[in-house]
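Please study the sequence and the three-dimensional structure shown below.

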Amino acid sequence: LLKEPRHAVISLKDADSEQIYKVLKQIPDSELFSSAAFGGKDLMFSDAATELTELPKSMDSFLYLREDYYEAMRALRAGNPPATPQDRNIEWCTISHAEQQKCDSLQIPHMECRRASSVEECIQKIMRKEADALAVDGGQV
């Protein structure tokens, strides 16, 4: 399995990402993804790249590059290997007041309940390692 993330263009959160995408799409892919004419390799973009893909607005760099990428970068900066998961509480994500009440009332050892406003927000929390699990209807997957 591939351990490193795919390449990404990352901008400030308040930058006009649509405008950045439009400007880059005006450049032919053969020019954008080739460094040979400049005597280098992987200048600005990977020479192996073939296209730009615009990601949804809800996708941020953490979600795209994934938590293990950020952990690896932190570990490299600190000179330490990535930490192994330790015995910890399970963070269950709930999406309604009633679901939160039920989760809290279960009082399951080593499980904590975390509230989100939607299934999408719970999925983002799971991807960010802010939650571990949630239950969804098959139609929501």
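The model is predicted, so local features need pLDDT of at least 70 and side-chain atom pairs count only at pLDDT 80 or more, while totals for chains, interfaces and linings use all residues. Residues are numbered from 1 along each chain as its sequence is written, and side-chain values use heavy atoms, with hydrogens and water left out.

**Exercise 1. Overall layout**

Describe the secondary structure, burial and surface of the protein chain.

Solution. 
1. Helices (H or I, at least four residues) and strands (E, at least two) are DSSP runs, numbered from the N terminus.
2. The protein chain has six helices and two strands, and their order from the N terminus is α-α-α-α-β-α-β-α.
3. A residue is buried under 20% relative accessible area, exposed over 50% and partly exposed in between (1.4 Å probe, protein chains only). Of the 141 residues in the protein chain, 20% are buried.
4. Accessible areas come from the Shrake-Rupley method with a 1.4 Å probe, and for residues only the protein chains shown count as cover. The protein chain exposes about 11,000 Å², of which carbon and sulfur atoms supply 54%.
5. Contact means heavy atoms within 4.5 Å. Among the contacts in the protein chain with a separation of 6 or more, 39% join residues 24 or more positions apart.

**Exercise 2. Salt bridges**

Identify the salt bridges and state which residues form a network.

Solution. 
1. Side chains of opposite charge can pair when their charged atoms come close. The rule applied here requires a side-chain nitrogen of Lys or Arg within 4 Å of a carboxyl oxygen of Asp or Glu.
2. By this rule there are three salt bridges.
3. Arg 114 pairs with Glu 91 at 2.7 Å, N to O. Arg 114 belongs to strand E2 (residues 111-115) and Glu 91 to strand E1 (residues 90-94), so this pair ties together parts that are 23 residues apart in sequence. Arg 114 is partly exposed at 33% relative accessible area, whereas Glu 91 is buried at 14%.
4. Arg 114 also forms a salt bridge with Glu 112, with the closest N and O atoms 2.5 Å apart. Glu 112 is partly exposed, at 29%.
5. Glu 130 and Lys 125 form a salt bridge at 3.9 Å, N to O. Glu 130 is partly exposed at 41%, and Lys 125 is buried at 17%.
6. Shared partners join Glu 91, Glu 112 and Arg 114 into one network of salt bridges.

**Exercise 3. Helix H6**

Solution. 
1. Helix H6 covers residues 119-127, and its buried residues are Val 119, Cys 122, Gln 124 and Lys 125.
2. Lys 129 follows H6 and has a positive phi, near 65°.
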